[in-house]
Amino acid sequence: MIQASGVYDIDNYEAFRTELLAALKEQGRVRVDLSAVTFMDSSGLSCLVEALQVAQRDGRELILQNPSSKVTELLDLSALSALFTIEVVKVNAAAPAAGELGFDEPDVSVGEDWGGDLDLDDLSFDLDGDLNDWQIGEADAPAALHPMDGIEPDILSASKPEPQSSSPTESTSAVLPKSDVQRGDFPAPVTPVTATDRSSKNNLNLQESPAIDLSEGGPLEDYDDDPLNRL
Amino acid sequence: MSDQTLLGQVLLHSGPGVAARARACALGLAQLEDSSVAERVELAVSEIIQNIWRHAYQGRNRGPIKLSVYDRSDGIEIQIEDRGVALSNEPVGRENSAELLPGGRGIMLVRSVANQYEYRPNPQGAGALQVLVFERGLTT
């Protein structure tokens with residue numbers, strides 16, 4: 001897991017790029033936690049794109065986990081969201097105990113009186129041949145599937161099944177598009193990432209910000225005659 | 001223009017930290033109330049400053065960059081001027097941003113987040129003036 005945080009722009013994207021590519025060399029699956037990224041521009045984005053290129057080329061997996069709102073917006077603006085695997089998980093969720101999975105358990109219990117008097121011994125049929133050659137007749141299928149009614153040996157017909165036109169695995173092998181948010185490791189519940197607090201950004205005080213040096217407007221050797229230097 | 005008021009100007013120089021300084025200056029001078037507009041300003045300014053350092057000054061440090069912020073009736077205007085190598089035409093970004101290629105997205109992002117963007121080569125010499133306009137949201 002790579003923990004990304006803070007600002008990723010032209011000043012610091014190189015270290016991020018190096019870390020991503022090194023991790024992809026060593027691991028088959030690399031998760032990058034982007035929840036603490038407060039700003040990213042195209043420099044940081046290019047690192048993620050290059051890392052995804054490398055991952056695809058080398059058969060590795062790159063997962064962007066919990067991208068902050070800034071990163072999410074940047075991916076959307078760049079039309080790149082669909083290309084990345086994005087995982088949104090609740091970071092500090094405690095694993096629920098068995099039976100506390102957050103949904104009602106089925107109202108079924110073994111041995112419960114379900115209102116019928118069917119004896120399982122009555123359902124033993126003497127069928128010759130390969131079981132695979134047998135199938136329930138289409139017209140009788142609903143009755144046959146009901147546990148109570150009309151279960152008689154004659155509802156079965158000995159017709160060969162029609163060849164399947166498609167592989168039975170096709171319906172279960174669908175791959176979600178990359179844009180779909182994928183759940184994290186079971187059983188952590190999926191929750192949306194909390195929007196970052198943007199309220200303080202507009203209250204920047206130039207005098208209080210140590211990153212801003214307004215005194216650097218003096219003449220420069222190369223640009224002494226430039227009117228741009230005389231504000 | 002008569003309908004705009006200069007809120008402030010700062011002179012920056014290409015080099016380490018210039019993008020962060022420019023973002024902070026633009027936001028500090030504009031004093032935007034709408035955080036969504038502020039985020040767009042932050043991204044656009046960062047992309048333009050990055051381009052100036054990389055391409056106009058070709059990675060050299062200490063190239064002057066003037067950042068001016070104007071208040072307009074419909075929003076704010078940010079002008080960023082440099083004296084580096086100018087392009088003869090407006091820079092062209094990546095047409096298909098969804099291509100999996102690093103780089104080339106800066107101008108595309110600028111155009112995405114700014115309501116107006118102009119690139120004006122300096123007719124008297126080196127450099128260019130880049131103008132960004134961000135309209136205020138309906139809620140402000």
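Which residue of β3(A) does Val30(A) stand opposite? In this predicted model, the residue opposite Val30(A) is Leu62(A). The legends below treat this pairing and other close-up views.

**Figure 1. The parallel sheet of chain A.** Four strands of chain A form an open sheet in the order β1-β2-β3-β4, with parallel pairing. At its edges stand β1 (2–8) and β4 (85–87) of chain A, each of which pairs on one side only. From one strand to the next, the twist averages 35 degrees. Within this sheet, strand β2 (residues 29–40) of chain A runs parallel to β3(A) and is joined to it by five bridges.

Figure 2. Helix α2 of chain A comprises residues 42–58 and lies across β1, β2 and β3 of chain A. Relative to β3(A), the helix runs at about 145 degrees.

Figure 3. Gln65(A) belongs to strand β3 of chain A, which spans residues 61–65. Its relative accessibility is 8%, and Gln65(A) therefore counts as buried, the limit being under 20%. The side chain of Gln65(A) is joined to that of Glu87(A) by a polar contact of 2.7 Å. Leaving aside residues up to four places away in sequence, Gln65(A) touches Met1(A), Arg31(A), Val32(A), Asp33(A), Leu34(A), Ser35(A), Glu87(A) and Val89(A).

**Figure 4. Gln50(B) and its contacts with chain A.** Helix α2 of chain B, residues 35–56, contains Gln50(B). The residue is buried, with a relative accessible area of 2%. With residues up to four places away in sequence excluded, Gln50(B) touches Ile10(A), Asp41(A), Ser42(A) and Ser43(A). One of these, Asp41(A), makes a polar contact of 3.2 Å through its side chain with the side chain of Gln50(B). Within chain B, a polar contact of 2.5 Å joins the side chains of Gln50(B) and Arg54(B). The C-alpha atom of Gln50(B) is separated by 8.4 Å from that of Gly106(B), a residue 56 residues apart from it along the chain.

**Figure 5. The antiparallel sheet of chain B and its edges.** Five strands of chain B form an open sheet in the order β1-β2-β3-β5-β4, with antiparallel pairing. The edge strands β1 (4–13) and β4 (116–121) of chain B each have a single partner strand, so one side of each lacks a neighbour in the sheet. The twist averages 15 degrees from one strand to the next. Strand β5 (residues 128–135) of chain B runs antiparallel to β4(B), and six bridges join the two. Among the paired residues, Glu118(B) has Val131(B) in β5(B) as its bridge partner.

**Figure 6. Strand β2 of chain B and its neighbours.** Of the nine residues of β2(B), eight are buried, so the strand is largely enclosed by the rest of the structure. Nine bridges connect β2(B) with β1(B) in the antiparallel sense; the bridge partner of Gln4(B) in β2(B) is Arg72(B). To β3(B), which also runs antiparallel to β2(B), there are eight bridges, and Ser68(B) stands opposite Gln79(B) in β3(B). Two residues lie between β2(B) and β3(B), which form a hairpin.

**Figure 7. Helix α1 of chain B across the sheet.** Helix α1 (residues 18–30) of chain B lies across β1, β2 (64–72) and β3 (75–82) of chain B. The helix runs at about 160 degrees to β1(B).

Notes. Residues are numbered from 1 along each chain as its sequence is written. Chains are lettered from A and ligands numbered from 1 in the order in which they are written. This is a predicted model: local features need pLDDT of at least 70, side-chain atom pairs count only at pLDDT 80 or more; totals for chains, interfaces and linings use all residues. Side-chain values use heavy atoms; hydrogens and water are left out. Buried means under 20% relative accessible area, exposed over 50%, partly exposed in between (1.4 Å probe, protein chains only). A polar contact is a pair of N or O atoms within 3.5 Å; within protein, one must be able to donate a hydrogen and the other to accept it, and residues adjacent in sequence count only if both atoms are side-chain atoms. Contact means heavy atoms within 4.5 Å. Two strands pair if DSSP finds at least two bridges between them. Axes are lines fitted to C-alpha atoms, for helices over the stretch in contact, and angles run from 0 to 180 degrees between N-to-C directions.
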